[in-house]
Amino acid sequence: MARSNNLHSVAAIFDTPNKIIKAAEKVRDEGYNKFDVNTPYPLHGMDKAMGLSSSKVGFVTLFCGLFGGSFILLFMWWTLAKNYQLFIGGKPFFALPAFIPITFEITVLIGAVSTFIALIAVFFKLPFNNHPLHDTDYMKTVSVDKYGIYITTEDPKFDKEKIISLFKSLGAVSTDLIYLPKQEKFSMFNLKFVLFLIFVAAGTSGSTYLLLNKLMYITPFDWMEFQEKYTPQETSLFFGDRRSMRTPVDGTVAKGFIPYPYKGIANPTEVLSNPTIPTEDLLKMGKKKYLTFCSPCHGNFAEGDSRLNGQFPNGPTLHSDKIIKYSDGMLYHIITNGQNAMPAYDLQITRHERWAIVDYIRVLQRAKNAKNSDLVEIKKESTTNGQ
Amino acid sequence: MANNDSGYIKKVLPSKIGKIGLILFIIGAVTGLYGYIFDPSRAVFSYLTSFWFLLSIAVGSLLLVAIEYAASATWSTPFRRMSEFLASSIPLLIILVIPLLLSIQYLFVWSHTDVVANDHMLQAKSVFLNTPFFSVRVIVILLIWSLFYYLIIRNSRQQDNSGDQALTKNNIKLSIIFIPLFAISLTLQSIDWIMSLETKWFSTMFGVYLFAGATCSALAALAFISVLLKEKGYFHPKITKDHFYSLGTLMFVFICFWGYIAFSQYMLIWYGNLPEETFWFMQRWEGGWKFVSLFIIFGHFIVPFATLLSHPSKTNLKKLKFISIWILAMHFIDLYWLIMPSMHGNGLHYSFSWMDISFLAASVGIIIFMFNKMFERYNLIPVKDPKLQRGLDFHL
């Protein structure tokens, strides 16, 4: 690494742990406070020798860990107990015992990762990603078998000559001047950098593609992906018409389906007779189905007052003499078969429901043509009920 | 490498300590005996709880000694003698277990032949759970523990005179044999004495649970005594906060371990939701037991965890003393909670009894008395242990 002329620190190398501890004590006693010690392994008693107070990084761990734990707990509550409730093993939606292991793990994970990041941030002084001591002979020695100490120029008592003689008097094997690395100008459009970006982009997308589309389907793990079957709309190489979706054999009847004998006949000479007995439940059901399927065109009371505002030919009134005179079977036939512009409803409405609609139309017709005698009857009923 | 100049001066505890131990023991034993004569079926449960309290501290301490040897730990060398002293009641357990073995019929449903004859599951279990095999198992395990206690402690004491380093090597070998043996034997003991109280219940984590509890209490006893001796000036002057920090950390670790095991046992049973397992926890959630259960979660885990979490609190001797006595109390409550609700198996209905206190007093009395006796006779510090000097010089 290219070095500038700006001094970063004065460093010294010692060859025994005892000497480095003595050196640290001495440097501390001399009143220096911007110094640090580098050893290949942790030395017991070094904290005290350097006069370090206990590290504050524990608070980062504590807060980030607590944040991670409470976040994940809230997250599980929201996903599993609030937003999309899932029944798992008959347990309550907010199943605390099952959440504890995850909470614990996220607490540890976030705590550990944030400690690591915080240490890097403090040590490298982010956004810098390199410490001035990196790539120096000093660092290479003290990370193998020697013990080093350095005092930086930031120290108010910094004086190059004095420090060197101090280190020498403490028995340093060698002393070293460490210069700051040269500030390199960094440009986004530097060719090297652009090439690097392209290389990274190609590398990640290529390896992702390989992983997801090739590696994951190598045998023997492809038996779920590649099954011996046709997927919908696939061409068949076996059948002459190339259709893998086959039509049923002629005359096939779906399970539970009873064919309508007068299907497709416009004016049948004979029709079915009504098999239902109009009970209250049946009429209620008929009303419901009528309102759903018929009322948009024929109106809520079958008076031909369509709600479709002319987007479809208005359904005629069902209170005409013609319809009143029609047999139940004929009404059933019109619903089942359709009539001119009126579509067939045999696929949407079951047989039973169609008969219920017919019964309900009869109710509407009777209500429209109520007689005076009906009123009397109701009066009688209400007076008897009132007593 | 004789090390006469370790700086340790032998002192004797005030004579009242031994007397306190003896008096506690006598009061506890006499009142306990009285209780046993009038209500043997209730007394055995109290006896069993206190027996386990004594057992877990004693065997747990022997385990700490063994771990120290096996791991060649240095910081704990000055503390080792105290664990050895605490383990000195292991041979006594062989005598103390006799009353329990004589009253098996009051403790265990599986010892009633008429009940077993009508119960298919108990019949199947009777291959393992029958009085002769049970007694043999218990005695053999106690003998093994006593043997290892005798061998390890003898070597350690001999070294005080001879300073022979080969003794340390011997003890390392012994410890490496003892640790796995301890794991198996403590599991067996806990299954035999505590799990089989509820004959049809089973949990594969039970042995580990008691191991965690025993180690916690052995460490707590060690911490309490060492802090006390340090404060009163009996301990070595070179013992610093750094030593207590390590001791506190170890205690903290085992508190976490206990919490982890206790929760794992609960969660597996809760998740599986099988009636043959869940009922054990249901019993401990009925009536007042609910509060005991909650108290154990807080007292045995959350309180010590929060207290020992920060760095300064582990070096604060007052806090350490408080939390270690707290953990000891919680361990007793934990054992109480394990044993007492299973009393119904013999048709008894649980209610608090003064006998619980008398037997506890007796076992605490034994610990104090034995510790004092050992203190009089032997050095508080293994003066010629080759690791001692490094242990004394220990710094964080």
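Buried here means under 20% relative accessible area and exposed means over 50%, with partly exposed in between, using a 1.4 Å probe and protein chains only.

Before going on, some ground rules. This is a predicted model, in which local features need pLDDT of at least 70 and side-chain atom pairs count only at pLDDT 80 or more, while totals for chains, interfaces and linings use all residues. Residues are numbered from 1 along each chain as its sequence is written, chains are lettered from A and ligands numbered from 1 in the order in which they are written, and side-chain values use heavy atoms, with hydrogens and water left out.

Back to A:D241. Its partner in a salt bridge is A:R246, and the closest N and O atoms are 2.7 Å apart. A salt bridge is a side-chain nitrogen of Lys or Arg within 4 Å of a carboxyl oxygen of Asp or Glu. A:R246 is partly exposed, with a relative accessible area of 42%. A:R246 also lies over the face of A:F239, 3.8 Å from the ring centre. For that, NZ of Lys or CZ of Arg has to be within 6 Å of the ring centre and within 35 degrees of the ring normal. Chain B has an example too: the charged end of B:K314 sits over the ring of B:F252, at 5.1 Å from its centre.

Staying with charges, the whole structure has 21 salt bridges over all chains. One of them joins A:R28 to A:D29, with 3.2 Å between the closest N and O atoms. A:R28 is partly exposed at 32% relative accessibility, and A:D29 is exposed at a relative accessible area of 57%.

In chain B, B:D393 and B:K238 meet through their side chains in a salt bridge of 2.8 Å, N to O. B:D393 lies in the segment after α17 (388-392) and B:K238 in the loop between α10 (206-232) and α11 (241-272) of chain B, so the pair ties together parts that are 155 residues apart in sequence. Helices are DSSP runs of H or I with at least four residues, strands are runs of E with at least two, and both are numbered from the N terminus. B:D393 is partly exposed at 38% relative accessibility, and B:K238 is partly exposed with a relative accessible area of 34%. Chain B also has a network, in which salt bridges with shared partners join B:E68, B:R80, B:R81, B:E84, B:D160, B:D385 and B:K387.

Now chain B as a whole. Its secondary structure comes to 17 helices and zero strands. Of its 396 residues, 56% count as buried. Contact means heavy atoms within 4.5 Å. Among contacts in chain B between residues at least 6 apart in sequence, 84% join residues at least 24 apart.

Next, the aromatic rings. A pair of aromatic rings is described by the distance of the centres and the angle of the planes. Rings of Phe, Tyr and Trp (its six-membered ring) pair if their centres lie within 6.5 Å; planes under 30 degrees apart count as stacked, over 60 as edge-to-face and the rest as tilted. The count is 51 aromatic pairs over all chains. One of them, B:F301 with B:F305, is tilted, with 5.3 Å centre to centre and 35° between the planes. Both residues lie in helix α13 (residues 289-308) of chain B, four residues apart, about one turn of the helix. B:F301 is partly exposed at 26%, as is B:F305 at 28%. Ring pairs also link B:F148, B:F178, B:F182, B:F211, B:F254 and B:F257 into a cluster.

What about the contact between the chains? The contact takes 13 residues from chain A and 10 residues from chain B. Buried area is the accessible area (1.4 Å probe) that two parts lose on being put together, summed over both. Chains A and B bury about 970 Å² between them, 74% of it on carbon and sulfur atoms. In chain A, A:H44, A:K91 and A:P97 lose the most area to chain B, together 49% of what that side buries. Between chain A and chain B there are zero salt bridges.

Last, the cysteines. A:C294 is buried, at 14% relative accessible area. For B:C256 the closest cysteine sulfur is in B:C216, at 9.2 Å, again too far for a bond. B:C256 is partly exposed, with a relative accessible area of 26%.

Terms used. A disulfide is a pair of cysteine sulfur atoms within 2.5 Å.
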